[in-house]
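Keep the viewer open while you read.

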Amino acid sequence: MSDIADRVKKIVVEHLGVEEDKVTETASFIDDLGADSLDTVELVMAFEEEFGIEIPDDAAETIQTFGDAVKFITEAA
Amino acid sequence: MFDLTGKSALVTGASGGIGAEIAKALHAAGAKVALSGTRVEPLEALAAELGERAFVVPANLSDAASVEALPKAAIEAMGGLDILVNNAGITRDNLFMRMSDEEWQSVLDVNLTSSFRLMRGVLRGMMKARWGRIINITSVVGATGNPGQGNYAAAKAGMVGMSKSLAYEVASRGITVNCVAPGFIATAMTDKLNDDQKSKILTQIPAGRMGAPEEIAAAVLYLASPEAGYMTGATLHVNGGMAMV
């Protein structure tokens, strides 16, 4: 697993308080990991800080799963 | 009770009668306070009076860029921001049929839109800290209406709905959002009323007197305190019984 994926996973695990093995490629933050809409905003904020990037609102809306997040950040970073 | 040691508070309209008392009360409870307003001189004077833990962060709330920059300036000065008091307000009274778009818009901009922008600006830090207090100073007229104040009443009632909506969103993050609605308080704003107007108003106040800025500050101090953690989306009416809502 890439370094980016590891860092994203760490943020998700810490923020949502879920088991690491639940955070799979297709795991949806809201449907599978128990996030509410405000959690997803906070996750995006945390990603922005961790990776020093800016994630615009329309892009943030497309980040639904762990895999989406890793893909977006890999392309943006 | 009501120890704010280690907390940082931003108060807008701190050069005014109520704002200055709010800043003093929070400061006396141990908080760092950032004093905002358009007129620097009275802010500097208040900061000098308070001494340590007081900072001046001027802003023009009718200017979007100035509003956006304010939370950053306050955080830079104090090292954090735990408490936001949206107290600044202007009036441009006129009868409805005579009210210009400009009178309407300027009151909405300064009283409502700037509060929205400041609340949005301080949320990130509060969310991360899992602690925050937002206190919006509204007015009795937001609940009762007042002839000649269609714009002001709309802005103040708007703050209440806005506060409740945000209170829903962030309650689970340890952030509370409440309003304090003053009635007639003896300040420069009410000094402008003539004796006839004043005596008419007094007949409508069961307490038989105008309120003191300190009595508003006390309500704000409570809402800013850790003890008020279970109160959110509420409005404390401090009006001598003028409107029992």
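The report below covers a helix packing in chain A and two residues of chain B.

This is a predicted model, in which local features need pLDDT of at least 70, side-chain atom pairs count only at pLDDT 80 or more, and totals for chains, interfaces and linings use all residues. Residues are numbered from 1 along each chain as its sequence is written, chains are lettered from A and ligands numbered from 1 in the order in which they are written, and side-chain values use heavy atoms, leaving out hydrogens and water.

Let's begin with the helices. In chain A, α1 (residues 3–16) packs against α4 (residues 66–76) at an angle of about 130°, and their axes are 10 Å apart. The two helices, α1(A) and α4(A), are therefore oblique to each other (angles under 35 degrees count as roughly parallel, over 145 as roughly antiparallel, 65 to 115 as roughly perpendicular and the rest as oblique). The crossing of α1(A) and α4(A) is right-handed.

From α1(A), Ile4(A), Ala5(A), Val8(A) and Lys9(A) meet Phe66(A), Ala69(A), Val70(A), Ile73(A) and Thr74(A) of α4(A), where contact means heavy atoms within 4.5 Å. By class, this contact of α1(A) with α4(A) has seven nonpolar, one polar and one charged residues.

Now for chain B. Phe2(B) has a positive phi although it is not a glycine, and so does Arg130(B).

Note on methods
Axes are lines fitted to C-alpha atoms, for helices over the stretch in contact, and angles run from 0 to 180 degrees between N-to-C directions. Helices (H or I, at least four residues) and strands (E, at least two) are DSSP runs, numbered from the N terminus. A crossing is left-handed if the near helix is turned anticlockwise from the far one by less than a right angle, and right-handed if clockwise. Ala, Val, Leu, Ile, Met, Phe, Trp, Tyr, Cys and Pro count as nonpolar, Asp, Glu, Lys and Arg as charged, and the others, Gly among them, as polar.
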